[in-house]
Amino acid sequence: MKILVTGATGNIGRKVVDHLVNLGADDIRALSNHPERTAFPPEVEVVKGYLKRPSSLPAAFEGVDRVYLAPSLETITDVVDLVSRAGIPHVVDLSGDENTNWHPIAQAVEKSDVGWTHLWTGEFMENSTDWAEQIRTTGAVREPYPDSGNAPIAMDDIARVAANILVSEGHLGKTYNLTGPETITRAQRLQYLADAIGRELEFVTVPPEELIALLEPAMGDYAGYFVNGLATRVDQPQLATTTVADLTGHATTFKAWATANADLFR
């Protein structure tokens, strides 16, 4: 069974490849826009291609049985059409529900004649690195909603789920809502980081407008959407699911992630 991993040098795609290797998959093809820069194990076949350049994909899709489809909104319709033409029977896509920007990916896959499994995720634990400079330089985080709660997930857990699905049966037509194993507030998240680096950290509550202004240079209009989401989750926190552990045997806690990544915040 030939498995193609798109976005194979991305934050999640690379981990999918590594987990496939660890699971014993013996026919892995990795899609990369710059194959010469990759450092995959020798058993991984690396092919040149880019999801945002659909003309580069037909050769990569030849003979493939299953695909991990990294999110690429701009070209999703063309990419799914190429998957269908190649006769690939099963796509495992990283997308999201109707409340996310990534839902069109799931919709495009479902409109095709390709078998699918959706992986829907919320916030990544890795997004906490947005706090790293504040923590290093001031020992504080400035945000408006310390009691906003969600269940962030480690990218490695997403990749591990994807790899397990790609090498097993029984997942066609299923949607998996992936979260971390616990719902925590923004203040609790900061405390986990403080414990990990052995330093007292302060959560400074500021007006929402201050955070929006801080985020807008990098996030544009999405900054307001993000801050409004934080506000919503004060009274309606995201609930954790057990899906990652159910599918793979364990899930990464934020405490474990913070401990493993403590040097980023020191």
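Visitor: Leaving aside neighbours within four places in sequence, which residues is Arg199 in contact with?
Guide: Arg199 is in contact with Ile135, Arg136, Thr138, Gly139 and Ala194. Contact means heavy atoms within 4.5 Å. This is a predicted model, in which local features need pLDDT of at least 70 and side-chain atom pairs pLDDT 80 or more, while totals for chains, interfaces and linings use all residues. Residues are numbered from 1 along each chain as its sequence is written, and side-chain values use heavy atoms, without hydrogens and water.

Visitor: Where is Arg199, and why is it called partly exposed?
Guide: Arg199 is in the loop between α7 and β11 (202-205). Helices are DSSP runs of H or I with at least four residues, strands are runs of E with at least two, and both are numbered from the N terminus. Buried means under 20% relative accessible area, exposed over 50%, and partly exposed in between, with a 1.4 Å probe and protein chains only. Arg199 has 34%, so it is partly exposed.

Visitor: What makes the pair of Arg199 and Ile135 a polar contact?
Guide: The distance and the atoms. A polar contact is a pair of N or O atoms within 3.5 Å; within protein, one must be able to donate a hydrogen and the other to accept it, and residues adjacent in sequence count only if both atoms are side-chain atoms. A polar atom of the Arg199 side chain lies 2.8 Å from the backbone oxygen of Ile135. The pair therefore falls inside the cut-off.

Visitor: How far apart are the C-alpha atoms of Arg199 and Arg266?
Guide: They are separated by 8.8 Å. Along the chain, these two residues are 67 apart.

Visitor: Why is Arg29 called buried?
Guide: Its relative accessibility is 8%, so Arg29 counts as buried. Arg29 is part of strand β2 (residues 28-32).

Visitor: Which polar partners does the Arg29 side chain have?
Guide: One is the side chain of Glu45, at 3.1 Å. Another is the backbone oxygen of Ala60, at 2.6 Å. Beyond four places in sequence, Arg29 touches residues including Lys2, Leu4, Val47, Phe61 and Val64.

Visitor: How do you know whether Thr6 is buried or exposed?
Guide: Its relative accessible area is 0%, so Thr6 is buried. Thr6 is found in the loop between β1 (3-5) and α1 (13-22).

Visitor: What does the side chain of Thr6 reach?
Guide: Two backbone atoms can be named. The Thr6 side chain reaches the backbone oxygen of Tyr68 at 2.8 Å. A polar atom of the Thr6 side chain lies 2.9 Å from the backbone nitrogen of Ala70. Tyr68 and Ala70 are also among the residues that Thr6 touches, as are Gly13, Leu31 and Val67.

Visitor: Why is Ser128 called buried?
Guide: Ser128 is buried because its relative accessible area is 2%. Its place is the loop between β6 (115-121) and α5 (132-138). Its side chain makes a polar contact with the side chain of Arg189 at 3.0 Å. Ser128 also touches Phe254, Trp257 and Phe265.

Visitor: And what makes Val114 buried?
Guide: A relative accessible area of 6%, which means that Val114 is buried. Val114 is in the loop between α4 (103-111) and β6. Among its contacts are Val83, Ile88, His90 and Val109. Val114 and Asp81 are 33 residues apart in sequence and 9.2 Å apart in space, C-alpha to C-alpha.

Visitor: Which residues of helix α9 are buried, and what covers them?
Guide: In α9 (residues 222-235), Ala223, Gly224, Phe226, Val227, Gly229 and Leu230 are buried. The cover includes β7 (140-143), α7 (186-197) and α8 (208-219).

Visitor: How many helices and strands does the chain have, and what share of its residues is buried?
Guide: The chain has eleven helices and eleven strands. Buried residues make up 48% of the 266. Of the contacts with a separation of 6 or more, 73% join residues 24 or more positions apart.
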